[in-house]
Amino acid sequence: MAAASLPDPEALASRILRGERAAIAGGLNLLDNKLAEARERAVRLLVCLAGERWLTDGHLIGITGPPGAGKSSLVSAMIRDWRASGRTVGVLAVDPSSRPELGGGALLGDRIRIKTPAFDEGLFIRSLANRNQLGGVATEVWPMSWLMVTCFDIVVVETVGVGQTEIDIAEIGDTVCYVAQPASGDTIQYLKSGIIQIPDVFAVNKSDLGAAARKTASEIRRSAPRQDRREDWDYPVCLVSAATGTGIRELNEHFDRHRDYLVGAGLLAGLRARHQAAWVLRLLKEEFGTFGLEQAGGRAVVERRLGGTRFDQFEEYKRMREGILSRFSSVDPPTLLP
Ligand SMILES: Nc1nc2c(ncn2[C@@H]2O[C@H](COP(=O)(O)OP(=O)(O)O)[C@@H](O)[C@H]2O)c(=O)[nH]1
Ligand SMILES: [Mg+2]
């Protein structure tokens, strides 16, 4: 895309903050554009959108679990409940199996399995089909989720639980929910791995299957308690069925309760600030490599500059980025020996 056709970030931000759907889509595209000129504008967009409320508003829920556990089906059921109570919802489906049908007209083809009414002003879904790889969640998913938090009451990020993505989702969501597939080797593997430490809420889906689902739920309940277990959070294990709607209201209540818990314990703002700082560091590394980080003073210095509970990390990122770029351009070109 030519720079001339890239949107003006300041104008775009004010339209996004007014909740204009076309602007939200345009903003997500800009954050997703890897061209240098687009990156520059993407940072300006983030700076314009950021404010105190980045650390306090909305609820970012990360959903993970093995393929086929019913994550997309559950998200659809959760959406129905949230919309019925008037809450607005944004979804980032970072799931290769949630690819929209070719032709894309009906974004929510059968394969996405997030089934929703044809058009709903209070619901926005973006499929990022191929961003969920073994190497983890793609860097652009973080700012996309923050953009959506400025527009919707609840933002859901659905990822497939494979390797690094499990760890990444904990750096995106305020609340992380693991969706378990009854009687599956995946769950056993999961319980044995350290990743069991991550979720705040467990949903054993397909409770309509009966005994197998109850068994899986009790296996999770009996599994090793997490080391950093927060004493005042109970890590609920819920039996739900996306197919019949059983337990969906209760599951959503656990999400609300977890958010209330984070706010009450004074943890939410710190969590968001940490997630944003970790993303800035990751982005600097991706963009400029280890050498670039050194140009900005090294990892420790960068971490210190991003530390604390602050919402202006994007300003800081912009400054560091400009600093690194100017250093790069002032590095003498190698002299060729005669
Ligand atoms: N029996 C039963 N099947 C379900 C339920 N939820 C989802 N499924 C089925 O499980 C399969 C995978 O669902 P999907 O939502 O795409 O799973 P994802 O890969 O985790 O997103 C589909 O065939 C669904 O129809 C449920 O509550 N009960
Ligand atoms: Mg899915």
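**Figure 1. Buried residues of helix α3 in the predicted model.** The buried residues of α3 are A38, R39, R41, A42, V43, L45, L46, V47 and L49. The model is predicted. Helix α3 covers residues 36–49, 14 residues in total.

**Figure 2. The seven-stranded open sheet.** The strand order is β3-β2-β6-β1-β7-β8-β9, with parallel pairing. β3 and β9 (237–239) stand at the edges. Each has a single partner strand, so one side of each is left without a neighbour in the sheet. Neighbouring strands are turned by 20° against each other on average, direction ignored. Helix α5 packs on this sheet and touches β1, β2 (89–94), β3 and β6. The direction of α5 makes about 165° with that of β2.

**Figure 3. Pairing of strands β1 and β6.** Strand β1 spans residues 59–64 and pairs with β6 in the parallel sense. Five bridges connect the two strands. At one of the bridges, H59 has I154 in β6 as its partner.

Figure 4. Strand β8 covers residues 201–204, and both of its faces are covered. V201 and A203 lie on one side, F202 and V204 on the other, and all are buried. In a regular strand, side chains alternate between the two faces of the sheet. Four bridges join β7 (residues 175–180) to β8, and these strands run parallel. Y178 stands opposite F202. β8 is also joined to β9, by three bridges, again in parallel. Here the bridge partner of F202 is V237.

**Figure 5. Aromatic pairs.** The structure holds four aromatic pairs. The ring centres of F124 and F152 are 6.1 Å apart and their planes meet at 35°, so the pair is tilted. This pair links distant parts of the chain, 28 residues apart. F124 sits in strand β3 (residues 123–127), while F152 is in the loop between α5 (141–149) and β6 (154–159). Both F124 and F152 are buried. Ring pairs also link W146, W279 and Y317 into a cluster.

**Figure 6. The surroundings of D168.** D168 lies in helix α6, residues 164–169. With a relative accessible area of 2%, D168 falls under the 20% limit and is therefore buried. A polar atom of the D168 side chain lies 2.7 Å from the backbone nitrogen of V137. Leaving aside neighbours within four places in sequence, D168 is in contact with G136, V137, W142 and R282.

**Figure 7. R18 and C151.** R18 is in the loop between α1 (9–17) and α2 (21–31). Its relative accessibility is 58%, over the 50% limit, so R18 counts as exposed. R18 and C151 are 133 residues apart in sequence. In space, their C-alpha atoms are 8.0 Å apart.

**Figure 8. S326 and Q295.** S326 has its place in helix α12, residues 313–330. At 41% relative accessibility, S326 counts as partly exposed. S326 and Q295 are 31 residues apart in sequence, with a C-alpha to C-alpha distance of 9.8 Å.

Conventions: Residues numbered from 1 in each chain as written. Chains lettered and ligands numbered in written order. Predicted model: local features only at pLDDT ≥ 70, side-chain atom pairs only at ≥ 80, totals over all residues. Heavy atoms only, no water. Expected span 1.5 Å × (residues − 1). Buried < 20%, exposed > 50% of the residue type's maximum accessible area, 1.4 Å probe, protein only. Phe/Tyr/Trp six-rings, centres within 6.5 Å; stacked < 30°, edge-to-face > 60°. Polar contact = N/O pair within 3.5 Å; in protein donor to acceptor, adjacent residues only side chain to side chain. Contact = heavy atoms within 4.5 Å. Pairing = 2+ DSSP bridges. Axes fitted to C-alpha atoms, helices over the stretch in contact; angles between N-to-C directions.
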